[in-house]
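Subject: Structure handover

Hello,

Here is the structure for you to look through. Please open it beside this email, and then read the notes below.

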Amino acid sequence: MTATFPAARLRRASAIGVICAGLAIAATGCGEDPDKGTNGVGKLSAAAIESKARAAATAAASVHLSGTLVTGGKSFTLDMRLKSDGGSGEVKSKDNTFRLLRVGEQLYLKADAAFWGQSEAAGKLGDKFVKVPAADPSYKQFRGFTDMHVLLDGLLGLDGKLAKGADYTKVGAARAVLVTSDGGKGGKLTVALEGTPYPLRMERAGGAGRVELTEWGQQFPLAAPAQDQIVDYGSQLPTTKGTGTGSGKSPGPSPSRSGGGDDGSDSGGQGADPGSG
């Protein structure tokens, strides 16, 4: 005798089989949502992601910026901790290394004697915090490297056709989404997918440097040097020979957004120059 089953029972069995198969696939992770546990910016357009990142950077209380910038045909390495009322850190180039410290509007520069070249004051200035007078022409440029918002405005920002990466990436242990300009030729911006959508890495157009942005919002101590560590030359830094410092000239870079050419001039002229701060 052949057993027969009602059509309704067969349909129910088929439906149950489909559901079970779907659950099995989900259990293996094949249907896992890549945005689960993120801040959701990965779902946005490339332009919206960049806008969110810039807004987050603007609102932040502090940041640790480190990396390399190329401008005027020269490469500079920065390691700066910055916040709204000042900053401190080190700037290196092939020829010079110096530290900058700004507390409010008081700006100090510290370097070894070689930095000051053949100046008669070089022996007195080595490894001292030299107060950079506001009246000195180099004050604005040096100050720019301790001004969080001026420096970020000069570094962040992509010009050209924006696109986001097909897959998410990581910067250190942090999940992130990549936004490129003109296929990467116009720069690359990597934005956090966890917590606040801060910029985590910026690669500048034309190979003009790459910086890492970490420790967003983390406070750090910022205080003026001890009085016996300060040298004050009044209204102008001492004139030096052979280093480009003094007499209104500064050895520091001017990282505008587009980088610079080998002739020492900035190409493109886009973005804020720390020297204008």
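**What was found**

The protein chain has five helices and 13 strands. Helices (H or I, at least four residues) and strands (E, at least two) are DSSP runs, numbered from the N terminus. This is a predicted model, in which local features need pLDDT of at least 70 and side-chain atom pairs count only at pLDDT 80 or more, while totals for chains, interfaces and linings use all residues. Residues are numbered from 1 along each chain as its sequence is written, and side-chain values use heavy atoms, with hydrogens and water left out.

**The whole chain**

The protein chain holds 277 residues, and 42% of them are buried. Buried means under 20% relative accessible area, exposed means over 50%, and partly exposed is in between (1.4 Å probe, protein chains only).

Now take contacts, meaning heavy atoms within 4.5 Å. Consider those in the protein chain between residues at least 6 apart in sequence: 56% join residues at least 24 apart.

Start with strand β12, residues 209-214. Its covered face has G209, V211 and L213. Its uncovered face has R210, E212 and T214.

Which strands pair with β12? Two strands pair if DSSP finds at least two bridges between them. Strand β1 (residues 62-71) runs antiparallel to β12, joined by six bridges. There, L65 stands opposite L213. Strand β11 (residues 199-203) also pairs with β12 in the antiparallel sense, over three bridges. Here E203 has R210 as its bridge partner. The hairpin of β11 and β12 has five residues between the strands. In that hairpin, G206 takes a positive phi near 70 degrees.

R201 lies in strand β11. Is R201 buried or exposed? R201 counts as buried, because its relative accessibility is 17%. Leaving aside neighbours within four places in sequence, R201 is in contact with V171, K188, L189, T190, R210, V211 and E212.

Side chains of opposite charge can pair when their charged atoms come close. A salt bridge is a side-chain nitrogen of Lys or Arg within 4 Å of a carboxyl oxygen of Asp or Glu. The side chains of R201 and E212 meet in one, at 2.9 Å from N to O. R201 is in strand β11 and E212 in strand β12, so the pair ties together parts that are eleven residues apart in sequence. E212 also forms a salt bridge with R210, with the closest N and O atoms 3.4 Å apart. E212 is partly exposed at 21% relative accessibility. R210 is partly exposed too, at 41%.

**Other salt bridges**

How many salt bridges does the structure hold? It holds seven. In one of them, R143 meets E105, and their closest N and O atoms are 2.9 Å apart. This pair links distant parts of the chain, 38 residues apart. R143 is in helix α4 (residues 139-144), and E105 is in the loop between β4 (97-103) and β5 (106-111). R143 is buried, with a relative accessible area of 10%. A network of salt bridges links E105, R143 and D147.

**The cores**

A nonpolar core is a set of buried Ala, Val, Leu, Ile, Met, Phe, Trp, Tyr and Cys residues joined through side-chain atoms within 4.5 Å. The largest has 46 residues. Which of them touch the most other members? They are L65, L78, L109 and W216. Helix α2 (residues 46-59) gives the most to this core, with five residues. A second, separate core has six residues, including F129, F220, L222 and I230.

Look again at W216. Neighbours within four places in sequence aside, its contacts are A57, A60, S62, V63, M148, L152, Y198 and P199.

**Two loop residues**

D182 is in the loop between β9 (174-181) and β10 (188-192). Its phi is near 50 degrees, a positive value in a residue other than glycine. E215 is in the loop between β12 and β13 (230-232). The phi of E215 is also positive, near 55 degrees. D182 is partly exposed at 41% relative accessibility, and E215 is partly exposed at 31%.

Best wishes
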